[in-house]
Amino acid sequence: MRAMKEIAIVGGGPAGALCGERLSRHGFRVTIFDEHLAWEKPCGGGLTHKAIEAYPFLLSSPHPKKIIRTAELISGSGHRARFEMSHPIVIYSRKVLNGLLLDRAAAAGCATVCSRVTSAKTDGVKVRLLAGGEEHWSDFVVLAAGARNQLLPQTTALGSRDLEVTLGYFVPIEENILKVKFLTRFEGYLWSFPRADHLSVGICAKMGQQTTHVLRRHLDDFMRKEKIPTHGAQLYSHVLPSPEAQTIRSRRIVGKNWAMAGDAAACVDPITGEGLFYALRSGDLLAEALIEDQLEAYPERLRAAFSADLEFAANIARKIFRGNFLGGAITTRMVQLVNYSPAFRDLIRDVFSGSQDYRSLKRRLWNQLGITVAEFTRGFLRPGDVPTPSRPDALP
């Protein structure tokens, strides 16, 4: 490992760019390959507080961004809960964010090649890549080109059970409230994420569970009810990771002269779909392992940092989206509790900020169950305690 100085990174997204920056700053010669480099991606683009804490430059950079402090949850039955977040969410256009990270990588000394890598061979002394019809050689290759990339025979692309379909619009209007809507017995959700100069509105669902026609009908209905105009909107569709527990636990992400990071390594929250923090952190941890000549420690460091928590999330995702509690859908009860229980509202604020992990969530819920039920009962039964529009947690 100590002889490895030439590093090729396939994929110029957050995982690849941050990994390249860190390696380059420690003396490695790094080349990043991406056929698009900075490009727009159909997702929310939200960075939670844990991402900002780990990488403060994401907040302090002068690049266009939207800082969102207010969120609204909407249940499938129409209940609404609006609340102020304990820590704001920073939302970038993915083209801007990728450009920011690639600029930092270039400033650290990374070379970039705007070309698609079509093959990679790791069975020789050197890694051989073919990009744009030209050969490139390196000592090590980082695969950070997405969930469905299958460049090496030792790796597999994520299958349909580990993917979700997204459909949405980029709408040329400005907004200041982040919205998430749940549907009844539906593994996914609708979203409206304000960006600097447009709104990202979309729907996601596990692959194979809903047709595109059904997704489009839910999306159009959501936009109509939220009074989001479609004039000038740009339609998009994309496939993103939504890994199952077995995949997170057993996916091979490292070999003798290769490793995976970001979506390729299934580093995505199976419940919320958040991927940016995990992409950045996985690229960071992989770079750290290479710098310290401890590549074999990378999978365990990933598991200790977050993948064990994501595995737990994958085990409870279906129950959260399809389960029932106290005679109603869990998602509906969750929205109602946000309105009427300050203790539960604080919990949701911590979930949004990323400071509440999944493995300790059940214990926290049980520990405060008595308080939550008492607050809900008092607020629900006393007319004077019903939320009003003057309060930040009010029903609109």
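Reader: Buried or exposed: which word describes R80 and E226?
Author: This is a predicted model, in which local features need pLDDT of at least 70 and side-chain atom pairs count only at pLDDT 80 or more, while totals for chains, interfaces and linings use all residues. Residues are numbered from 1 along each chain as its sequence is written, and side-chain values use heavy atoms, with hydrogens and water left out. With a 1.4 Å probe and protein chains only, buried means under 20% relative accessible area, exposed means over 50%, and partly exposed covers what lies in between. By that scale, R80 and E226 are both buried.

Reader: How many residues apart in sequence are the parts that R80 and E226 tie together?
Author: The side chains of R80 and E226 meet in a salt bridge (a side-chain nitrogen of Lys or Arg within 4 Å of a carboxyl oxygen of Asp or Glu), with an N to O distance of 2.5 Å. R80 belongs to strand β5 (residues 80-91), whereas E226 sits in the loop between α5 (212-225) and β15 (234-241), so the joined parts are apart in sequence by 146 residues. Helices (H or I, at least four residues) and strands (E, at least two) are DSSP runs, numbered from the N terminus.
The separation is therefore 146 residues.

Reader: Which residues are linked with R80 and E226 in a network of salt bridges?
Author: The structure holds 28 salt bridges. Within the network that includes R80 and E226, the other members are E72, R82 and K179.

Reader: Where does R364 lie, given that D350 forms a salt bridge with R364?
Author: The closest N and O atoms of D350 and R364 are 2.9 Å apart. Because D350 lies in helix α10 and its partner in another helix, the pair ties together parts that are 14 residues apart in sequence. R364 is partly exposed, with a relative accessible area of 22%, and it lies in helix α11 (residues 361-367).

Reader: Which residues does R349 touch, beyond those up to four places away in sequence?
Author: R349 is placed in helix α10 (residues 342-353), and its relative accessibility of 19% makes it count as buried. Taking contact as heavy atoms within 4.5 Å, and leaving out residues up to four places away in sequence, R349 touches F83, E84, M85 and S86.

Reader: What is the volume of the largest cavity?
Author: On a 1 Å grid over the protein atoms alone, a cavity is a set of points where a 1.4 Å probe fits but cannot get out, and lining residues have an atom within 4 Å of a point. Grid points are joined across faces, edges and corners, and a volume is the space filled by probe spheres set on the points. The lining consists of L143, A144, A145, G146, N149, M260 and A264. The volume of this cavity is about 30 Å³.

Technical notes: On a 1 Å grid over the protein atoms alone, a cavity is a set of points where a 1.4 Å probe fits but cannot get out, and a pocket is an open set with protein on both sides within 12 Å along at least five of seven lines; lining residues have an atom within 4 Å of a point.
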